[in-house]
2 protein chains.
Amino acid sequence: MKTQTRTINKSRQRDAIVNYIMTYQNHPTADTIYNAIKEDFPNISLGTVYRNLTLLTELGTIKKLSCGGSSEHFDGDTTPHNHFICNCCGNITDLKMDNIDFLNELASKNFDGEISGHNIYFYGLCCACKTQQSK
Amino acid sequence: MKTQTRTINKSRQRDAIVNYIMTYQNHPTADTIYNAIKEDFPNISLGTVYRNLTLLTELGTIKKLSCGGSSEHFDGDTTPHNHFICNCCGNITDLKMDNIDFLNELASKNFDGEISGHNIYFYGLCCACKTQQSK
DNA sequence: CATAAAATAATAATAGTTATCATTTTTGAT
DNA sequence: ATCAAAAATGATAACTATTATTATTTTATG
């Protein structure tokens, strides 16, 4: 049985996608990325964006965030960190918080499988919406 | 301005949905629930299932789980607990682990909004898939 | 029982995403 | 530089999960 390796050629479009995600820390959706990149690549196809987002996620270059909205979001920061989603405006922001790497071990204690990672999504009101509501 | 309250009438279909979710702790999808309930209600509509799942989630009777698959899952256990999703078979299971209620406070420390809750999804290999792979 | 409000079934519509395929781009060898 | 094979693209169709619409049925209540 031959183990076949896939070779990956570079593409200007993929580079632009990576560049966008890394530059703007907005946790954008496929559609947001598509619209932004259209400025430089007017003919880019939405399918190309999706195809590359899937590939980049598989490669571990970016991370996919599934936090309950109607579409997926993507994160260029692959270092361990957590997210906050505002119940009111829906914005997703990074949370600066103390290290909680011990969580995986804690979860493994009474578990017979193998835990390799986790995603945490915090919910509530962001500062802006909080101020808005108290008026 | 009149604050209008919505009155909710009982329905056999909704009762069956709640009963199914509470009985089978599978974290089922809308489609799974639909197919199961069809046995007792052959004419039930998929729209009815979705409508009630949304309502029940709003009421806090059940919880919606967004853990990255193509569709949402639902949980009849609304007490705080965490979930494990197997990267291999996709099964979702509850994790028995020590109390980590302090997480919200920890996350609030350097945050200017208001954190009211969180969802944690652990990933890895479940026991069955782990054994399978090591053969 | 009569009436109004709520819920349903059937179905159409929408949105996000994936698949298909002919054409173009990239790569690596000559 | 040229050429061929593999990879990537753009255009578009197809698919799937979910929501919206509407006429009919069910539920609650005086």
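Predicted model: local features only at pLDDT ≥ 70, side-chain atom pairs only at ≥ 80, totals over all residues.
Residues are numbered from 1 along each chain as its sequence is written, and chains are lettered from A in the order in which they are written. Local features need pLDDT of at least 70, side-chain atom pairs count only at pLDDT 80 or more, and totals for chains, interfaces and linings use all residues, while side-chain values use heavy atoms, with hydrogens and water left out.

Of the area that chain B buries against chain A, 15% is supplied by B:Glu114, B:Phe122 and B:Tyr123, more than by any other three residues.

A pleasing feature is the pairing of strands (DSSP runs of E, at least two residues, numbered from the N terminus; two strands pair if DSSP finds at least two bridges between them). Strand 5 of chain A (residues 114-125) runs antiparallel to strand 5 of chain B, and 11 bridges join them. Within this arrangement, A:Phe122 stands opposite B:His118.

Turning to charged side chains, two salt bridges are counted between the chains (a side-chain nitrogen of Lys or Arg within 4 Å of a carboxyl oxygen of Asp or Glu). In a salt bridge, B:Lys109 meets A:Asp98 at 2.9 Å, N to O.

Conventions: Buried area = accessible area lost by both parts, 1.4 Å probe. Helix = DSSP H or I, 4+ residues; strand = E, 2+ residues; numbered from the N terminus.
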